[in-house]
Amino acid sequence: MCLAIPMRIIEVDGTRGLVESSGVRYEIRLDLVGDVRIDEFVLVHAGYAIQVMDEEAAAEQLALLEHLLSEEAGDSLPDPGA
Amino acid sequence: MPVPDEIFRDPVRLAKFADRLLRHGSTRALVFMHVCGTHEHAIARAGLRSLLPDSLRIIAGPGCPVCVCPPEEIDLAARLALEAGVVVATFGDMLRVPGRISLAEARSRGGDIRVVASAAAAVEIARHEPGREVVLFAVGFETTACTTAAALLAHPPDNFSILSAHRLIPPALEALAGMEGLALDGFLLPGHVLAVTGPEPYDRFVRLTGRPCAVAGFEPVDILLGLESLVRMANAGEAGLVNAYPRAVRPGGNSRAVEAMARAFTVGDARWRGLGTIPGTGLDVHPERQRHDARHRFALAGETIAVPDDAPGCLCSRVMIGLAEPEDCSLFGTVCTPETPHGPCMVSAEGTCRSRHLYPAAGSVGGTRTVTDREGGAS
């Protein structure tokens, strides 16, 4: 019951929203998040969006991950979470 | 262009990253505890334990809200259905968790127990059936508690009430940190919970334990990112909290959700299956919303009946706090299976035993070492 899954916003109608994940659509509640835009990702848990995913942070972390993986023989562990 | 979460479960990146952890990991044995059923499920499903170096061990802590729900609360929900004749709405995982009787048994005895996917769905039942009393048996940590709070604050009908079995994680972790026999080098914190609360409520825990903590998401690469931070900090002897899930976890968390919980609930003491009573870990319906509090509305408070935590021979209460592995239990996989669960860890989809039973190859590497086997130890 505790699974929280990022899903893409497809429709917004007040505090109700329609989201999509892996081709499946779900009706969710948006009471706990502010304004959300179509195509934004929200973290959905127990039928409610509980947070809006930060795309910029995701892109930054991904870039850092790629950097870590491209290092051939790094001898220390940089901070991937900083 | 949005970054889809799929990238964080890409098998190529995962293998390369795991290899990196193998090559740059710690030379001494490290034991990290996660405290979240979703982490256990993700770790088992992706087979992460088999990818990690032998020196790195991940154990499951008390992170399954269904598993830690004590029998007397299940009993209370069953009695509300059977004695008070109300509709009890709850999440599917709760049905088979053992109390004196489970909710599934209460249903077979005629109790009107319905599975819902959200608190909002329970409110809908109350709206559609104004002649019935509808009680949401609300279980879960902060991630679920805020959704119950949202339902309570969205002007539910008068025939809707809550039986709150919600629990808060930070004070429970603080209690866990002081337990004897727990020898841990760091903690992997649950990304969805800290997405709601922010990292701040864990500052005290970090200070108390003097151990590294990392908050991580639930894709396999997310978990490795968290583990890498833990290894790096443990090697350096540092304490602190690293945010390895910045796309969902931000300072202050989700202020709307935090505020909703503060308006809907007050904090109280609560019992955890396997851990006993932990001060400050329960959420009671706020006195201002007493008419939506099932404990008040149906006057069942104080009629608690003592129910033993576990079935005879069941090690769930030790498995839940990382002091035993599922394989240490003689019931595991023999009489206790997902089809015939004896203890809560086998009932819930996020329970350690259920997860280990479904994905046995992904279990603990090198058999069942106990926490005390390794050198050193946390106090």
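**View 1. Chain B and chain A bury about 4,200 Å² between them, with 63% of that area on carbon and sulfur atoms.** Buried area is the accessible area (1.4 Å probe) that two parts lose on being put together, summed over both. Helix α12 (residues 220-236) of chain B gives the largest share of the side that touches chain A, seven residues. Helices here are DSSP runs of H or I, at least four residues, and strands are runs of E, at least two, numbered from the N terminus. The model is predicted: local features need pLDDT of at least 70, side-chain atom pairs need 80 or more, and totals for chains, interfaces and linings use all residues. Residues are numbered from 1 along each chain, chains are lettered from A, and side-chain values use heavy atoms, without hydrogens and water.

**View 2. In the interface, 54 residues of chain B are in contact with 43 residues of chain A.** Contact means heavy atoms within 4.5 Å. The rule finds zero salt bridges between chain B and chain A. Such a bridge needs a side-chain nitrogen of Lys or Arg within 4 Å of a carboxyl oxygen of Asp or Glu.

**View 3. Four strands of chain B form an open sheet in the order β4-β3-β5-β6, with parallel pairing.** Two strands pair if DSSP finds at least two bridges between them. The edge strands are β4 (113-115) and β6 (160-166) of chain B, each pairing on one side only.

**View 4. Strand β5 (residues 134-140) of chain B pairs with β6(B) in the parallel sense over seven bridges.** B:Val135 has B:Ser161 in β6(B) as its bridge partner.
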